[in-house]
Structure formats: C-alpha cells, structure tokens
Amino acid sequence: ARSPADYLGCVKSELPAHATTYTVQDHNALELFVTSTDPNKADGLVQISGAGHLQQYSAYQRDAWYDHGRLLDAASVCGRT
C-alpha cells in the first residue's frame, strides 16, 4: 500500500548510515542503487515496478556475505509492511 518512494525510503533506512545510495527513475521502475549507478559495479540494487496496487520489487546484492544479506532482508521486510 506504500508508494515506491516510501518503499525505497524504508529499504534505505535499514542500510548502514555510511552506505552511499542513489535513487533513479527508469521508465516504469524506481531503482535504489548501492555504491554505484552502474549495475555491473553496484553492491546492491532494489527495483520496484508496476502500476497502481500491482507493484513488484526485485532485489540483488553482489556480496551478501559481508553484511549477512542486510539489503535483501530490508527489501523483504519493507515489502511486507
């Protein structure tokens, strides 16, 4: 029920304060990149797409072992509320 911007704000709030993030609007998707806006270099990416109440998110974390999958956990938790 939350907007894409609110959802990504929730995900971002769960990341360490020192994490560098970038929010990018791309066609029908809003994306949150971690470290770099280059998908080949970013440490993580959360994308939310869709229209109206039918919104989906996808999440990718390059090296989830270093922070125990914190980005993936945040994407999941924020998607449930």
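## Charge, fold and core of a predicted chain

The chain carries 6 positive and 9 negative side chains. The centres of these two sets lie 3 Å apart. The model is predicted.

**Fold.** Two helices and four strands make up the secondary structure of the chain. Along the sequence they follow the pattern α-β-β-β-β-α. The radius of gyration is 12 Å, close to the 12 Å that the globule rule gives for 81 residues, so the chain is as compact as a globular protein of that length.

Whole-chain values are set out below.

| Property | Value |
|---|---|
| Box filled by the C-alpha atoms, along the principal axes | roughly 35 × 25 × 20 Å |
| Accessible surface | about 5,200 Å² |
| Share of that surface on carbon and sulfur atoms | 52% |
| Buried share of the 81 residues | 30% |

**Core.** In soluble globular proteins, nonpolar side chains tend to be buried together. Here the largest nonpolar core has 14 residues. Which of them touch the most other members? They are Tyr 7, Leu 8, Val 11, Val 46 and Leu 71. At least two residues of this core come from each of α1 (4-13), β2 (29-34), β3 (44-51) and α2 (70-80).

Val 11 shows the packing in detail. Leaving aside residues up to four places away in sequence, Val 11 touches Leu 32, Val 46, Leu 71, Ala 74, Ala 75 and Cys 78. Two of these partners, Val 46 and Leu 71, are also among the core residues that touch the most other members.

Definitions and conventions
Residues numbered from 1 in each chain as written. Predicted model: local features only at pLDDT ≥ 70, side-chain atom pairs only at ≥ 80, totals over all residues. Heavy atoms only, no water. Core = buried A, V, L, I, M, F, W, Y, C linked by side-chain atoms within 4.5 Å. Buried < 20%, exposed > 50% of the residue type's maximum accessible area, 1.4 Å probe, protein only. Contact = heavy atoms within 4.5 Å. Rg over C-alpha atoms; globule rule 2.2 N^0.38 Å. Areas by Shrake-Rupley, 256 points an atom, 1.4 Å probe, with all protein chains shown as cover. Lys, Arg positive; Asp, Glu negative; His and termini not counted. Charge placed at Lys NZ, Arg CZ, Asp CG, Glu CD.
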